[in-house]
Amino acid sequence: MRTSASGTHVHTHTYPAAEEDFASTDASRLDTWVFTQAFFQSARSNSSLKDALQEDQNVFFLHLLGIDTNGHAHRPLSREYQENIGLVDSGVAEMVSVIEDFYQHDGRTAYTLTPLVAWGAGVQAAQRPPKTQQYADGYQQDWNLEEFRRVDVNQADIAPLMASLIGVPFPLNSVGLLYYHTYDRVFLGCSVVLGFVGWTSYVVLVILKTHASLRRPPGHTDQIPSQTLTRLCVCVTVVILAFLLIQKSPITYYVYCLLPVPVWYSALRECGTLVDLVRSAPSRSLWECLGYVVLIALGIELLVVSFFHRAVLTVGLAALSLWPLLTGLYSKAPRRAAGWTLGCVSLAAFPLMPVVGRQANYLRRCPHPPHLSLLPVMFHVAVCAYVPTLTHSSLEQKQGLPLINQVISWTTLGSSLLVPLLSSTRLFHRLLTATYLLLSTGSEAFFPPILSCLMFAWIGLSSMDFAENVDIGKVRQLKLDDIRRAYFFVFFIITAFFGTGNIASINSFDPASVYCFLTVFKPFIMGGLMMWKVVIPFVIVMCAFETIQVTTQLSSRSLFLIVLVISDLMALHFFFLVQDYGSWLDIGTSISHYVIVMSVTIFLMLLSVATHALTTRRLVLWRRPSKMHFP
């Protein structure tokens, strides 16, 4: 707040940042420090300070961070948090008494607390409700406020409330209710939808033309003549430009409205591919084709709903567990099929679990002696499994974070990219990651190994119809089964996203996940560690997908184009769900969902490059390196 203010009218007095330690013996001392700053008493002997405090439009902001720290570290039902509530309650009462005495009870002071509780000058007193109030959240009953009129306040209303209390104009971009430009929403929305549909259609046609085996009669094309199509697009462009010029629209409107024109031009030039598609599928009935379309639509909708309700992923995993049974793979490879079903059922339990865990991790012994090449990795895992137990015990006894644990954690994190490269290039060795254990707080520690087992089962079932010795240099054309492979990939990526509630953990920011590394509040380092935790399941899924791509002799470009189509269809759905009303959390969540889906393809392509190096490169000091994409 201080760094963003202009001029010299904002003054701050703070304690050192190192005092905000989640492992401290008593974080409530931070609130005690705030309440004991005696600038009102000092003003009685300091004339310049007294004159400044007597001026109009003064705002005193007391940041009570101790109760927030105890809430994160010990949870709201803990003894530490309950005692901190009592300290804050008595401290607020004392501060109100000090302020009123200093200003001689002149009735010109207003008080606000967050969550929003306001009283004093300029604040209307509580009113009796004209009729029975119907609210399903039960807040009034919990606080015994049924007899008072309830007025809900949005987060966007706080700034204008504070401005009105001190008698200054409302902030230009924060007047409470959002004045969104809804008068052009339908027009601009139609332009965006046309662009989405045109782009998705073009990508589908490119996939069919360049990566699918379609029947094309020699010398025969069913395409719109190039000159006719060009003239049509020029006419549409002229009409749009004239309309926007007459309306005196801003420059961004030109981008939204003109972008669909070249996209649809490219799509319509490839319309002959649709005719080739019809010729290439004479054996499939209309109902069968419609069935495939409905199945794909339901699958994409399931992915969309999973962004709002994690339990939907459990339903999806339960449905995926039946895949070998419905396709006859159980009879061909019963062990692999059973492993797939067991992996899906085991993984389906995680979306039903609470987002944030509070249990420690414990070391588990390996039942069989490891291979010599696995010793470095197994030692890595053993250390990472034991350090959280020691850290949890030390924090429970309020002894702080041991330095040796911190050194081991940071050393392990730094070597996590190097240690796998010292082992064999077999995928099992590379997926045996240990860093995730240091960032886990409970049952989520089992998520990566279960996900890895499921990925191995997926690799085994996907490579059954292909030769064991794969020629990496050869690629084949797409088949209908490849759409399923691409969808499975997107589904597992979403499961890695929300399976353990990692994204929700970032929103609620549970610092317990990074206690092995640091306990003093440093948002950028903590956020980076949390993002690293989120990326690890992505790497597991991407490594498996990379292996399937090689074993099934598919080009990465063709599969990523299918993934692009799926993500674009999801993004189109999220575009209609973007909100311009409600709390900032609701608005931000709707926008973040749209941005995540829009950027997922680019992120996965970059991740593919990293996982390719992870699964094929090896650091060997005493013999020539070898390459192997699959076990």
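This report describes the helices, nonpolar cores and selected residues of a predicted model.

**Overall composition**

The protein chain holds 27 helices and two strands. Its length is 631 residues, of which 41% count as buried. Where contacts link residues at least 6 apart in the sequence of the chain, 74% of them join residues at least 24 apart.

Helix α22 covers residues 447-462. With 16 residues at 1.5 Å a residue, α22 should span 22 Å, and the distance between its end C-alpha atoms is 22 Å, which agrees. The helix is largely enclosed by the rest of the structure, because 12 of its 16 residues are buried. Among those buried are Phe447, Leu451, Leu454, Met455, Trp458 and Leu461, together with Pro448, Gly460 and Ser462.

One partner of α22 is helix α23, which comprises residues 480-498. The two helices pack at an angle of about 175°, and their axes lie 12 Å apart. That angle makes α22 roughly antiparallel to α23. On the α22 side the contact is formed by Phe447, Leu454, Met455, Trp458 and Ser462, while α23 contributes Arg485, Phe488, Phe489, Phe492, Thr495 and Ala496.

Tyr256, Cys257 and Leu258 of α10 meet Pro260, Val261 and Pro262 of α11. The residues in this contact divide into six nonpolar, no polar and no charged.

The geometry of the two pairs is set out below.

| Helix pair | Angle between axes | Distance between axes |
|---|---|---|
| α22 and α23 | about 175° | 12 Å |

In soluble globular proteins, nonpolar side chains tend to be buried together. The largest nonpolar core of this model contains 72 residues, and the members that touch the most others are Trp340, Met455, Trp458, Phe489, Phe491, Phe492 and Met570. A second, separate core has 21 residues, including Phe22, Val387, Ala512 and Leu529. Returning to the largest core, its member Phe491 has contacts beyond its neighbours within four places in sequence: these are with Leu302, Leu303, Leu313, Gly316, Leu317 and Leu320.

**Two individual residues**

Tryptophan 323 belongs to helix α15, which runs over residues 323-327. It is buried, with a relative accessible area of 9%. Apart from neighbours within four places in sequence, tryptophan 323 is in contact with Leu329, Trp340, Trp458, Leu461, Arg484 and Phe488.

Glutamate 80 is located in helix α5, residues 79-102. Its relative accessibility is 18%, and because the limit for a buried residue is under 20%, glutamate 80 counts as buried. When neighbours within four places in sequence are set aside, the contacts of glutamate 80 are Asn70, His74 and Lys398.

Key. Residues numbered from 1 in each chain as written. Predicted model: local features only at pLDDT ≥ 70, side-chain atom pairs only at ≥ 80, totals over all residues. Heavy atoms only, no water. Helix = DSSP H or I, 4+ residues; strand = E, 2+ residues; numbered from the N terminus. Expected span 1.5 Å × (residues − 1). Buried < 20%, exposed > 50% of the residue type's maximum accessible area, 1.4 Å probe, protein only. Core = buried A, V, L, I, M, F, W, Y, C linked by side-chain atoms within 4.5 Å. Contact = heavy atoms within 4.5 Å. Axes fitted to C-alpha atoms, helices over the stretch in contact; angles between N-to-C directions. Parallel < 35°, antiparallel > 145°, perpendicular 65-115°, else oblique. Nonpolar A, V, L, I, M, F, W, Y, C, P; charged D, E, K, R; others polar.
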